[in-house]
Amino acid sequence: MISPTELKQVRQQVLAQTQILQNLIPPTVTYSTEGNVLIIGPEDLARLAAGQLSGMGACVILANEAITSQDPEHLERVLESATDVETFYNKLISVKGFLGQFQVTVDNGDTIAELSMVAIRKPHFDLILDLSATPCLNLEMLPPGYFYVGQDQTKLATALTELPDLIGEFDKPRYVKVNADLCAHYRHGNAGCNRCLNFCPADAISSIDNVIEIDPYLCHGAGSCTNACPTGAIAYDLPTPQSLQVFLKKIVGRFREQTNVAPVVLFHDSDAGAAMIDDSLAGEILPVELEEITVASIDHWLSALAWGARKVLILNTPATAPTLTQMLNGELLLVNRILEEMGQPQRIELVNSVDTEVVAPILDISRDWPIIMPAAFDATTKRETLYAALDHLNQQAAAVDTCLSMSNIPYGKVTVNQDKCTLCLSCVATCPTQALKDGGDMPALRFVEQDCVQCGLCAQACPEKVISLVPQVNFDQAVRQAPQTLKEEAPFECITCGTAFATQSMITRMLDMVGSHSAFGANIERLKMCADCRVKDMFEDILAEPEKQLK
C-alpha cells in the first residue's frame, strides 16, 4: 500500500517529466497605446481619480452621473484636483473596443459624435476608467484596458497603479483558431449551428456575413466556444486539443504505472484556481492547469476516464464567468447521464474547493468504484475521440446498446419522410460533416449517425421539408458507425433512349406539379426524357410542322 506522501512524490515526478506540447512560436496579437485615458462617472469622483494619475498621454472626464456628495470639504478637494483636465457632460451612447482602441460615442446635440475626436483629436481612447454606479460595458469578461471600479476604493487604487504601466506595445496569445470548412453555422443560404455564439462571456464572437469570426483582441481564451463547437471548427491553440489529450493520457498512465492507483484528474484555471492548489492537495489528484476550466470539454473528460482516471473534478471559483458555469452545468448533466446509462457511476463533478473536507469524501467514495482498464486508443478528432472513450467506458460497464434521448445536444440522427423525399440531395450538399452522403451510382441517401452534429442545415436545405432531427446518444457502436440507407430507389430511365437521368420520385413530383400546365400541353412526355432526347424531340416537332411554332 503506497503512502500519501509517496503518492505526492510520484505526482510531482510525473508532472515534472510530462509537459503539454506547445507551439514554439505561438500566434499573438499586439495592443498599442499612448496612454490616453477617459474617466467615466460622477464628476467629483472622476476629478479626484484624475488628480492621482500621472504620466498618462492625455486625460479626459465624461461626467455621466450626479456628484456623490455636497460636503464643502469634499467639493473643495474636487475643485483643487486635476484642474487641467477637461470635463464633458454629453450623454453617453456607447463604448466599444479594447486596449488602445476604445470608441466612445456621445450625444452631441443634433448629432452623434466620437468623444475622442472632440476631446483629444484622435480616433480613439487607449484606456477607460469607469467609476459609474453600473458598468458602461455589460460583459462578464471585460476587454483589456477597461477598468470598472465603481466606488470601490480598493479596486480604484489597483487601477490607478496599473494604468500608467499600460503605455507602449503589449502582446497576448491568439487563443483560438477557426476552420471555416468544418463550421456548421451557415451554408448555401441556410442557417445552422449557433452554439459558439451563445456562450462567449467576452462577446468576442460574431457572425459577419454569415461567417463565424472571433475578435482576438476581445478574446480572453475562456474556451467556451471550443467546448461548445460540435465539429471542432473552433479549436483552442494554447494548447491544441490533441496536445492536451496526449498530456492527459501520459500523466494518467504514468501515475498508474508507478503507484497502481487510478488517479483523479483536477482541471483548474491559471488564476484563482491555481492559487488554491498547494502541497496539501491529496497525492492521488493530478492538477491540470488551463487558461479557463472550459478549455477542457466533454471529450477530454471522457478520454481521461477511458485512459484510467477514476474521476474528473473541475474546480469552479467565484472568478469563473456565470456563462461558463452555466455551460459547464449543462455539459455535466449530459456526461453524467451518459455514464449512468451505461452503468458507470457519476465520475465527473464540479467542485468549488479543494479543501480536505470537500475532497476527502469524494476520494473515499470513488475508491470503491469499479476499476477502469486503460484504453489503447490515441486522440484524433474531437468527435472520434469522444466516441472512442464512450465506447470503451461502455464496454467496461454494462455494454448497453440503447439510445439516450436529450434535447439540444449535438449528437443524434436524422429521419426522412420517404414518401415525399425526391432524393434531390440538397441535404448532402450542405452537410458540413458528411454525415449525409449520396448513393454513388444509385439514387440513394446514406447517413452515418456518429458524424451528425444536429446543426439542422440539412432540414433547412430540404426543399420538400421532409427531414427531422432526433437528438440522442446512441450506445450501439455498430449501428452508430455504419452507413444507413434513409431512402433508395431505382433511377428513372428516359422513355426514348433508356438512359437513367433522374430519380423516380423526382419525375413523379415534377409531373404532379407542372405536368398539367398549359406550357407543356401535349408535350407532357418530354418531362420523361433525358436532356438530349428532349432537345431532339423539340426539333423533330419543329421540322414536322414549322408553322406550329408561330401560333
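This is a predicted model: local features need pLDDT of at least 70, side-chain atom pairs count only at pLDDT 80 or more; totals for chains, interfaces and linings use all residues.
User: Great. Which helix holds arginine 47 and glutamate 43, and how many residues apart are they?

Analyst: Both lie in helix 2 (residues 43-51), four residues apart, or about one turn of the helix.

User: Is arginine 47 buried or exposed?

Analyst: Arginine 47 is buried, because its relative accessible area is 11% and buried means under 20%. Glutamate 43 is buried as well, at 19%.

User: How many salt bridges turn up in the whole structure?

Analyst: The search finds 13. One of them pairs arginine 446 with glutamate 488 at 3.4 Å, N to O. Arginine 446 sits in strand 24 (residues 444-447) and glutamate 488 in strand 26 (residues 484-488), so this pair ties together parts 42 residues apart in sequence. Glutamate 488 is partly exposed, at 43% relative accessibility.

User: Switching topic: what's the volume of the largest pocket, and what lines it?

Analyst: Its volume is about 710 Å³. The lining has 26 residues, with Glu140, Met141, Leu142, His220 and Asp271 nearest the centre. Helix 5 gives the most to that lining, with four residues. By class, there are 13 nonpolar, five polar and eight charged residues.

User: And on the surface, which residues form a nonpolar patch?

Analyst: Val535, Phe539 and Ile542 do, with about 260 Å² of accessible area together. Isoleucine 542 belongs to helix 17 (residues 531-544) and is partly exposed, at 33% relative accessible area.

Notes. Residues are numbered from 1 along each chain as its sequence is written. Side-chain values use heavy atoms; hydrogens and water are left out. Patches are made of residues with over 30% relative accessible area and no salt bridge: like charges are joined within 9 Å, nonpolar side chains (Val, Leu, Ile, Met, Phe, Trp, Tyr) within 5 Å. Accessible areas come from the Shrake-Rupley method with a 1.4 Å probe; for residues, only the protein chains shown count as cover. A salt bridge is a side-chain nitrogen of Lys or Arg within 4 Å of a carboxyl oxygen of Asp or Glu. Helices (H or I, at least four residues) and strands (E, at least two) are DSSP runs, numbered from the N terminus. Buried means under 20% relative accessible area, exposed over 50%, partly exposed in between (1.4 Å probe, protein chains only). On a 1 Å grid over the protein atoms alone, a cavity is a set of points where a 1.4 Å probe fits but cannot get out, and a pocket is an open set with protein on both sides within 12 Å along at least five of seven lines; lining residues have an atom within 4 Å of a point. Grid points are joined across faces, edges and corners, and a volume is the space filled by probe spheres set on the points. Ala, Val, Leu, Ile, Met, Phe, Trp, Tyr, Cys and Pro count as nonpolar, Asp, Glu, Lys and Arg as charged, and the others, Gly among them, as polar.
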